[in-house]
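Student: I have just opened this entry and would like a guided tour. Could you take me through it step by step?

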Amino acid sequence: MGTDLQSVLITKEEIDTKLAELAAEIDAEYAGRDLLIVGVLKGAVMVMADLARALSTPVTMDWMAVSSYGAGTKSSGVVRILKDLDTDIGGRDVLIVEDIIDSGLTLSWLLSNLSSRGPASLNVCTLLRKPEAAKVDIDVKYVGFDIPNEFVVGYGLDYAEKYRNLPFVGTLAPHVYGG
Ligand SMILES: O=P(O)(O)OC[C@H]1O[C@H](OP(=O)(O)OP(=O)(O)O)[C@H](O)[C@@H]1O
Ligand SMILES: Nc1nc2[nH]cnc2c(=O)[nH]1
Ligand SMILES: [Mg+2]
């Protein structure tokens, strides 16, 4: 697996340190409240698992799976729900947890969908954010790392469903893309 990687962009230690910082901010914000964290499958699995364990605030956890319509339409912004929340979020404090915001279209859609359900509050935490996201008018309260516009894998992020289990975030060598 090592030879497929071009470089390590963010080490496991850097991720751990950043998640501890974000968890402290989230603990301060939600102290005494009843927080529901919502992970967006599948990419956010690692962030959810490690962020949740870094929090002191007791939380409940739920999951959504969403997909863009059709192949190659990632940036169409048309999303369908593959798995909805099990929880009624009406009146709840909700924090969406993502691995990455790239075009921002997945998150824009999720924010409008979830806000229509009447949560008491709705915020976003993402480990990674790419420059494209600035073009979309979304307010992301907790951001781990702003990264360059490169395709990254690891720590939940895949290329053709592989590399999600790497403990760090890296970039792929060109030969992996078939070049
Ligand atoms: O900002 P955007 O351009 O919308 O891209 C970001 C989304 O794309 C990835 O998920 P993907 O739909 O690839 O599915 P996955 O989480 O199962 O890997 C990532 O996990 C985000 O959810
Ligand atoms: N694995 C992966 N998925 C993404 N989805 C949007 N941007 C990315 C990225 O850089 N890597
Ligand atoms: Mg995802």
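Student: Is Asp27 buried or exposed?

Tutor: Welcome! This is a predicted model, where local features need pLDDT of at least 70, side-chain atom pairs count only at pLDDT 80 or more, and totals for chains, interfaces and linings use all residues. Residues are numbered from 1 along each chain as its sequence is written, chains are lettered from A and ligands numbered from 1 in the order in which they are written, and side-chain values use heavy atoms, with hydrogens and water left out. Buried means under 20% relative accessible area, exposed over 50%, and partly exposed in between (1.4 Å probe, protein chains only). Asp27 has a relative accessible area of 15%, so the word for Asp27 is buried.

Student: Which element holds Asp27?

Tutor: Helices (H or I, at least four residues) and strands (E, at least two) are DSSP runs, numbered from the N terminus. The run that covers residues 12-30 includes Asp27, and that run is helix 1.

Student: How far apart in space are Asp27 and Thr57, C-alpha to C-alpha?

Tutor: Along the sequence, Asp27 and Thr57 are 30 residues apart. In space, their C-alpha to C-alpha distance is 5.6 Å.

Student: Is Asp62 buried or exposed?

Tutor: Asp62 sits in strand 3, residues 59-68. Its relative accessible area is 3%, so Asp62 is buried.

Student: Now for the ligands. Which residues are the closest to ligand 1?

Tutor: A residue is near a molecule or strand if one of its heavy atoms lies within 4 Å of it. Ligand 1 is surrounded by 15 residues. The closest of them are Glu98, Asp99, Ser103, Gly104 and Thr106.

Student: What distance separates an oxygen atom of ligand 1 from a polar backbone atom of Gly104?

Tutor: A polar contact is a pair of N or O atoms within 3.5 Å; within protein, one must be able to donate a hydrogen and the other to accept it, and residues adjacent in sequence count only if both atoms are side-chain atoms. Polar backbone atoms of Lys42 and Gly43 each lie 2.9 Å from an oxygen atom of ligand 1. For Gly104, the distance is 2.8 Å.

Student: How much of the area of ligand 1 does the protein bury?

Tutor: Accessible areas come from the Shrake-Rupley method with a 1.4 Å probe; for residues, only the protein chains shown count as cover. Taken alone, ligand 1 exposes 490 Å². Of that, the protein buries 81%.

Student: Which element gives the most to the shell around ligand 1?

Tutor: Two elements give two or more residues to this shell: helix 3 (105-115) and strand 5 (93-101). The one that gives the most, with 4 residues, is strand 5.

Student: What joins Leu41 and Lys42?

Tutor: Most peptide bonds are trans. Lys42 lies in the loop between strand 2 (35-41) and helix 2 (45-54). Between Leu41 and Lys42, omega is about -5°, and the link is a cis peptide bond.

Student: Which backbone atom partner of ligand 2 lies 2.6 Å from a nitrogen atom of that ligand?

Tutor: Ligand 2 is surrounded by 9 residues, with Asp102, Lys130, Phe151, Val152 and Asp158 the closest. A polar side-chain atom of Asp102 lies 2.9 Å from a nitrogen atom of the ligand, and a polar backbone atom of Val152 lies 2.7 Å from one. The backbone N or O atom at 2.6 Å belongs to Asp158.

Student: How much of the accessible area of ligand 2 does the protein cover?

Tutor: On its own, ligand 2 has 280 Å² of accessible area. The protein covers 88%.

Student: Which residue forms an aromatic pair with Phe151?

Tutor: Rings of Phe, Tyr and Trp (its six-membered ring) pair if their centres lie within 6.5 Å; planes under 30 degrees apart count as stacked, over 60 as edge-to-face and the rest as tilted. A search of the whole structure finds 1 aromatic pair. It is edge-to-face, 6.0 Å centre to centre with 80° between the planes, and the partner of Phe151 is Tyr159.

Student: Is Tyr155 buried or exposed?

Tutor: Tyr155 is found in the loop between strand 8 (152-153) and strand 9 (169-172). Its phi is near 50°, a positive value in a residue other than glycine. With a relative accessible area of 5%, Tyr155 is buried.
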